[in-house]
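Hello,

Here is the structure I promised to pass on to you. Please open it alongside this email, and my notes follow below.

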Amino acid sequence: MHDDTLIQNSVTGNPVDANPILRPEWWQNLAPSLSLSNSPYAAVKPLVMDAGSESAIRQLILQEGYVQGSVGQWKLPLTDMVNVVVKLKGAGLMPVFALAYEEFWLLAHQLGNVVNTLLGGEYYMLPDFWMWHVDPQKDESGWKPHRDKSYGSLLADGMPKSVTLWIPLTAATTLNGCMYVVPADRDPTYGTPNDKDWRFEYQDVRALPAVPGDFFVWNQAVLHWGSHASPRGGAARVSIAFEFQRKDIPPMNSPLIQAGTIPNFAQRMNLIGKQVLQYKHMYPLSPELAAIANAMAIAPNTTPFLHMNNSHK
Ligand SMILES: [Fe+2]
């Protein structure tokens with residue numbers, strides 16, 4: 001299935017050495033308990049909300065720009081998922097490489113109804129995702145204050161054209177780098193063309209500690225950041241973020257991913273390579289890592305995203 005002669009370096013045109021990372025076997029050996037296809041967890045049903053909850057979260061994302069919810073307990077092997085993130089980081093790779101495994105995609109899958117409610121119906125997953133392992137013992141922090149997009153990501157009525165879903169896999173505390181947000185209704189320049197000019201009061205900053213099972217969704221105009229961990233922070237903050245857009249607006253990035261589908265292994269390799277390259281302004285790449293990302297981003301991909309089979313029915 002994998003013909004290494006087809007994997008060309010996008011810069012030199014030369015075949016890349018048979019890099020084991022492009023082979024499923026490498027991933028299976030790294031985490032034998034996690035799935036590369038047909039995850040046994042795929043039958044887990046998405047969270048179902050009643051009409052009252054749907055109305056409440058629509059009102060919250062309009063008023064405060066974000067919502068916090070809980071699925072209770074993820075019916076996924078969180079310990080194994082966190083462990084593979086640690087292994088990847090130890091191997092010199094980034095946490096985002098963990099999206100090679102289906103279990104990480106099933107986090108988003110289980111919250112499809114939440115995204116659907118906030119985006120007014122049908123939606124696409126954007127090819128924009130990332131993972132963090134913020135280690136208090138290594139003086140690490142999350143991303144600095146930013147708006148994921150800006151006021152242009154809001155409709156005229158204030159509802160979002162696109163949202164970010166952020167999920168902690170370990171407890172996120174004020175000591176290990178939890179998220180902070182400036183609620184939309186406390187942010188004077190939120191939703192305006194002046195939203196690069198930050199004029200909020202320090203007292204209006206809100207910490208968002210969370211435990212596994214919790215999730216956040218924010219619109220892409222709200223100001224937020226991951227904090228700097230304290231050496232007293234204990235265990236690392238491990239988290240993942242996915243982005244989504246409404247279906248009735250032009251693509252914000254490509255390829256768009258059909259809601260309710262999970263990219264296959266080859267597609268996941270493509271997408272991970274794309275993430276590493278598109279966020280290299282955040283994490284400068286070594287030549288080795290750049291070569292790996294380039295090879296992944298151009299690896300053969302047989303199925304168009306918008307027509308792939310729903311592999312997790
Ligand atoms: Fe963000």
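**What I found**

The chain's secondary structure amounts to seven helices and ten strands; helices (H or I, at least four residues) and strands (E, at least two) are DSSP runs, numbered from the N terminus. Please keep in mind that this is a predicted model: local features need pLDDT of at least 70, side-chain atom pairs count only at pLDDT 80 or more, and totals for chains, interfaces and linings use all residues. Residues are numbered from 1 along each chain as its sequence is written.

Of the 313 residues in the chain, 40% are buried. A residue is buried if 20 or more other C-beta atoms lie within 10 Å of its own, exposed if 12 or fewer, and partly exposed in between, with C-beta atoms placed from the backbone. Among contacts between residues at least 6 apart in sequence, 83% join residues at least 24 apart; two residues are in contact if their C-beta atoms, placed from the backbone, lie within 7 Å.

Two strands pair if DSSP finds at least two bridges between them.

Five of its six residues are buried, so β7 is largely enclosed by the rest of the structure. Strand β1 (residues 66-70) pairs with β7 over five bridges in the antiparallel sense, and Gly69 has Phe215 in β7 as its bridge partner. Strand β4 (residues 162-168) is joined to β7 by four bridges, again antiparallel; here Trp166 is partnered by Phe216 of β7. Seven bridges then link β4 to strand β9 (residues 237-246), and these two run antiparallel. In that pair, Pro168 stands opposite Ser239 in β9.

Axes are lines fitted to C-alpha atoms, for helices over the stretch in contact, and angles run from 0 to 180 degrees between N-to-C directions.

The other open sheet is made by four strands in the order β3-β8-β5-β6, and its pairing is antiparallel. Its edges are β3 (146-147) and β6 (206-208), each with a single partner strand, so one side of each lacks a neighbour in the sheet. Two antiparallel bridges pair β3 with strand β8 (residues 223-226), and His146 stands opposite His224 in β8.

**A helix pair**

The axes of helix α6 (residues 265-278) and helix α7 (residues 287-298) come within 7 Å and cross at roughly 140 degrees. The two are therefore oblique to each other; angles under 35 degrees count as roughly parallel, over 145 as roughly antiparallel, 65 to 115 as roughly perpendicular and the rest as oblique. Residues of α6 that meet α7 include Met269, Ile272 and Leu277, and among those they meet in α7 are Leu289, Ala293 and Met296.

**Some single residues**

Ser162 is in strand β4. It is buried, with 24 other C-beta atoms within 10 Å. Leaving aside neighbours within four places in sequence, Ser162 is in contact with Lys149, Ser153, Gln220, Glu243, Phe244, Gln245 and Met252.

Ser35 sits in the loop between α1 (24-30) and α2 (51-63). It counts as partly exposed, with 19 C-beta neighbours inside 10 Å. Not counting residues up to four places away in sequence, Ser35 touches Pro40, Tyr101, Glu102 and Glu103.

Asn38 is in the loop between α1 and α2; its phi is near 50 degrees, a positive value in a residue other than glycine. With 9 C-beta neighbours inside 10 Å, Asn38 counts as exposed.

Finally, look at the loop between β9 and β10, where Pro255 lies. The peptide bond from Ser254 to Pro255 is cis, with omega near 5 degrees.

Best wishes
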